Structure formats: C-alpha cells, structure tokens
Amino acid sequence: MSTNHAELTRFFDLLLTLTRRDIRVRYKQSVMGVLWAVLMPALVVGAGALVRVGAAQLSGTPVGMNDIESIIVRAVAWALFIGAIRFATNSLVGNANLVTKIAFPKEVFPLSAVLSSLFDFAVAAAVALVALPFLGWRPTFEALWALPLVLVLLAFTTGLSLVLSSANLFFRDVKYVVEILLTYAIFFTPVLYEARVLGKWAYIVMFNPVAPVLEGLAAVVVDHRAPDWMWVGYSAAVSVLLLVFGYWLFKQLEGRFAESI
Amino acid sequence: MAAVNQPALSLRGVYKKFTRGERHDSLRDLIPALAKRMLTSMVGPPQLKEQEFWALQDVSFEIGRGETVGIVGHNGAGKSTLLKHLSGLIRPTSGTIDVRGRLSALIEVGAGFHHDLTGRENIFLNGVILGMSRAEVRRKFDEIVAFSGLAEFIDTPVKRYSSGMYARLGFSVAAHMEPDILVIDEVLSVGDMVFQAKGVEKMRQVARSGATVIFVSHNLRAVADLCPRSLLFHRGRLVQDDTTSAVIRSYMEQVKLNRSHATDAEVVIESVTVRGADKPRFDYTAGEKAWVDIRIKALRDAKRVACVLYLRDDQQYELFHTSTERLGHAPLDLREGETRTVTYELDLHLAAGSFHINSALHRYDINHKYDVMEPAATIFIRTPIDVRGAANLYPKVTISAG
C-alpha cells in the first residue's frame, strides 16, 4: 500500500513540477508576461465585437453591453480550450527526450499542458472579473454554475488531449490537422455569435460538446439564468465518455511510446 | 531483511521483437498505404510481412542486492534496449522482468533541463523527473549545489552555462538520488577531468552504500575499475556472464571475429596480438614495454607492402602512427600464400585510460590500402600517479616560496 501512496505522491510531484515548468517558461519567454494569457481572449473579444457591430448595422438593433459581456465570457473559456489542445497535442513529442529516457506515467505530459493552460485561464478570468463591472455587470449566485460548466469543459479538453497527444506521437502531421481544425472551429462554435442566431438550425452547432458549455457560461454569468440542462447534460456525458476513452487509449498505447517516438 | 536473499533484479526468458523497415509516422503516408493495402489485398497477391528481428533474445540473468555489474557489447548488441527494459520504458515481447526496489536510470545527464530556467529551477525539475519528491530535492538542495560547485550561477538560466557547467549540474542532481538500483549509461564521461574523478568516486560511494549498480559503457577501463562482474551481449543475446576480465577478453576476441576484409584484397592481416614479455595481456602500467605481433598473409602476389601501426583514444583521435617503411624497412614483396609476422616493440609512455591499437597494410607509392584492422586490440594503462590525457610526461612537482 505504501508503494501505491508513494507512486501517487510522485505522480503529483511530477505533474506539479512539469506544470510549473510550462508556466514559468511561457511567462519568462514572452516580454508581455501575464498579458500572454489575456491577449488571445482579447483578440477574440475584439473580433466578436466587430461581428456584432456588423450584424447590428444590418438588423438595425443596437449592440448592447450584454452582448460584449457574453463574448468576453465565451472568449475566455474558448481560449482555455484552444490553448490546452494546442499545447497538449505536442506535449509528448515536445518532451521526446523525457518520453524515451525516463520511466513514469506519460499522461503527466498532456495533463500538465492542460493544467498550465488552466493557469492562463485563471489569469484571464481574473482580468475579466475586473473588467466586467465596468460594462455594468454585477455578480449573482447564478454565476457559480460557471464552476461545474468549466469542469465539463476541462473533462472534454483533457479527454481530447489524451487522444491527440498520443495520435501526434504516432503520426506527426496530426498537429497540423489539429491546428487547421482549431483555426476554423471558432466558426462552428458559438463564440463570436450566440447559438440562437441560427434559429431552428441552432441544434447543429450544439452537437459540438464545447457549444453547450459556452452557451451555458453566457447564460449563468451574463443573463443570470440557468443553462439549458439538456444540452449541458449531453455535453457532460460526451466529455466523461471521451475522458474515459482517452485515458484507456492512452494507457493502451503508452507501452509503445518510447520505441515509436 | 526477509528479502535479503532475493535478487534485486531478475530477468527470465526476455525476448523483444522490433520491426525494421517501413513505418508510417504520418497520416500523409498512412492513408495512401492503407488504401494501397486494401486494393492489393482485394486484387493482388498478399504482400510480404514487414521484416522483424529480435533486439533481445532469450535473456535471463539475476543481479543480487549490492552487486555492481557491467554490461558490455558492441553497437547493436542490445545494451540500450536492455536498459530501456530495466527502467520500464519499453515492455518485452515475452518473458518477465522483476525489479525489486526503487530503480533510477541515469541514461542522460540533465534530462529535462530547460534552457530558459535557472539552475535552481532546473535542479527541482530534473530531480523530480529522476524520481525524487519535491521535499527530497528541497532537503538535498544545498548539498547538490555544493557538489556541483556552481553556487554563484545557481540563479542564472542554464542557457548561459558552458557545456561543462551544464553537465556538472546534471550529474550533481543525479548523484544525489538514493536508489536501491542505479542504472548508469555512459554518463561518467561528462565535465572536466576533476569533475569526472569526483563522479567516479561518487559512484563508488553509491555502490559501497549497498545499492545495486548496473553500469553500461564503451569505456572498458571504467567497467573494469567499477565492476567485478560483467555481462557480455552480442546481437541481442547474453553470451557471457563472468568476471569482468574474462568478459573483456571475450569482447576482444569478438572484435576480431566481427571483422571481414575485402575478398579481393591481395594481402590481409590475419591477427594482431598484444603481449607483455611472455604472454598476451591487455592491462599495462605506464612506462612498461609491450609487443604487438601482426601476422599477415598474401592471398595473391602483392607488391611493396608496408605494415602500419597506429593508436587511437576513446574519442577516435589518432595519438600515434608509424609503419615498417617509416621505420626504415624496405617494402615487402610477397608471393601468394606467403606469411610474415611483424613485431613492434613499444614503450607505453601513456597516461591512464584505454587505447585502441589498429593496423593496416599500405602501399605508399600508389597510395593503396590493402587491408585495415580497426580496432585490432584495446589496452588499458594504469598509472601510479594521477595524470590524465594521452601522453605521460612523468611529472614531478615542487612548490617553493617566492
């Protein structure tokens, strides 16, 4: 029993150390420091605001502060998803010298990539919490639903990270495919727009498991109402299944990592 | 203490299969290959199965607690594959490996060092990666820094370190692990000479403290120094498990067996033997005499043959070179079937280390190489005084006031 405990301690020590490494390196290398975490969501918010203004011109309805708040909330969560997937996909290949030379549970690499992106998310979320009140936003208890929604997003992101990191180890061009998909995924996810603008076709984007989370976050934080539980439940179910499958797949392939990388 | 009789490490019938040849490591290659395979399996004859080979074949051995064992073999003998199995990086195709205790593999110094992080941050990173807990690293931190001698640079990013400093920091972290079983692969050759001596001393300490040490190296001298027992691998098989000196002797024999010369050579080197005054041996004390007998045989008529002798160190740097012609002997004209034995008498004014003796048959006027045997033999030099490098200048030193 004591060896199990020791192994668990070792695993968390490793996870913590690798995560700290990723965070330190990222914040050290960029002159902008903490701005790193804010830049990406800020760009998305800028793009979203532009889209909204364009839509407002066409429809004749003015852009409300609510719309901008909604984009901020969506953009911060979207940045977590994009950042984590991007770092995690390359996490095994990028640490090839450790994967081939030192034996420990290899899931620490994608997991630490997700965790370090979660740190960026925390920074961005903190900045958003400071910025939102200036737009007239007031916190309510409904906003606490954001925590389980982020957990669902994390489960989905982690599951996908486990699959993509091992896929990229065997097929090096997976990261290019992922890069392209991530670039265009923003059009298939309600980040810059709300799912309801699609009218009766809204359910098509909602099949993307990230969509109900973003819609839900906007609902609980900005509109102070409960999310659409049916879609959140769908997203949670898919996320848990993907997490279980991703972990299973990763463990199946792990033994071949060192000789295949 | 009940487990005291259990070996630290045991392998039983370990096999490892590797696939040689075509591997698809991108989707771009895989998708057309799959399409092709589907097509050919529908219309054409089945394709040959990809080539497979045994990287390890029926390997069984035990290493007792506290033993220090060397692993010797040529490139491709399976040493690295074996190490990767021991440290759990890859799994055998069949057979069992039992490791009892905490095993640390020192396969690369400074594994996981990140260039942008400081020495301090890298000590934690590397320590945890090698298997220490953060608490353990914190406890040993001062000791590690002191051992590395890099205290004043500890908050500098390691990308500003020299390669020697980098290696010293890496080795210092590794040396402060307290494993039950330590696997070392070619890492003692880091840092400057003073640090190397410190490293070897530290390894001895680890071995003395009761840890099991498995040492893999091309540096036979270091193996002979550290390990009483050695395992010899050849093409994935364990071929000998004996005292290190016996294993090294077989290893030398292998060098000769492995050799093949061009079949159209007119004259070839049949054997090279290094001996003391009386019998063949491979360890010498600096300043001793050694004789090298080179037996050559003409397979066809050969003209103007000169016999070359040269010496290289472990880094393949040529330290010494001469030939019968350079020493004033007329080139030999040999008829088919004729043999000669060329004997060189050498004064071994060398520093401590291993040196590779090589031989070649050369025709100088048309610059033609008949045959080369490299390495033909390896000798070890011991020195009573601590001198390093290649040449031995037999130093005496005095320090006077003023």
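Begin by selecting Arg235(B), which takes a positive phi near 50° in the hairpin of β8(B) and β9(B), where 2 residues lie between the strands. What you have open is a predicted model, in which local features need pLDDT of at least 70, side-chain atom pairs count only at pLDDT 80 or more, and totals for chains, interfaces and linings use all residues. Residues are numbered from 1 along each chain as its sequence is written, while chains are lettered from A and ligands numbered from 1 in the order in which they are written.

Now widen the selection to the strands themselves, where strands (E, at least two residues) and helices (H or I, at least four) are DSSP runs numbered from the N terminus, and two strands pair if DSSP finds at least two bridges between them. Strand β9 (residues 237-243) of chain B runs antiparallel to β8(B), and 6 bridges join them.

The chain averages 83, and 87% of its residues score at least 70. Among its elements, helix α1 (residues 27-42) has the lowest mean, 70, and strand β16 (residues 339-347) the highest, 94. Where pLDDT is low, the predicted coordinates should not be read in detail.

Move to chain A, which holds 11 helices and 0 strands. Its C-alpha atoms fill a box of roughly 60 × 40 × 40 Å along the principal axes. Of its 261 residues, 45% count as buried, meaning that 20 or more other C-beta atoms, placed from the backbone, lie within 10 Å of a residue's own.

Finish on helix α11 (residues 229-260) of chain A, whose 32 residues reach 43 Å from first C-alpha to last, close to the 46 Å expected at 1.5 Å a residue, the expected span being 1.5 Å times one less than the number of residues. Centre the view on Glu254(A), where α11(A) has a kink of about 50°, the bend being the angle between axes fitted to the seven residues ending there and the seven starting there. Then select the buried residues of α11(A), including Trp231(A), Leu243(A), Phe250(A) and Phe257(A). The buried residues of this helix pack against several helices of chain A, among them α7 (146-170) and α10 (210-222), together with α2 (79-86) of chain B.

Methods. Buried ≥ 20, exposed ≤ 12 C-beta atoms within 10 Å, placed from the backbone. Contact = placed C-beta atoms within 7 Å. pLDDT = per-residue confidence, 0-100.
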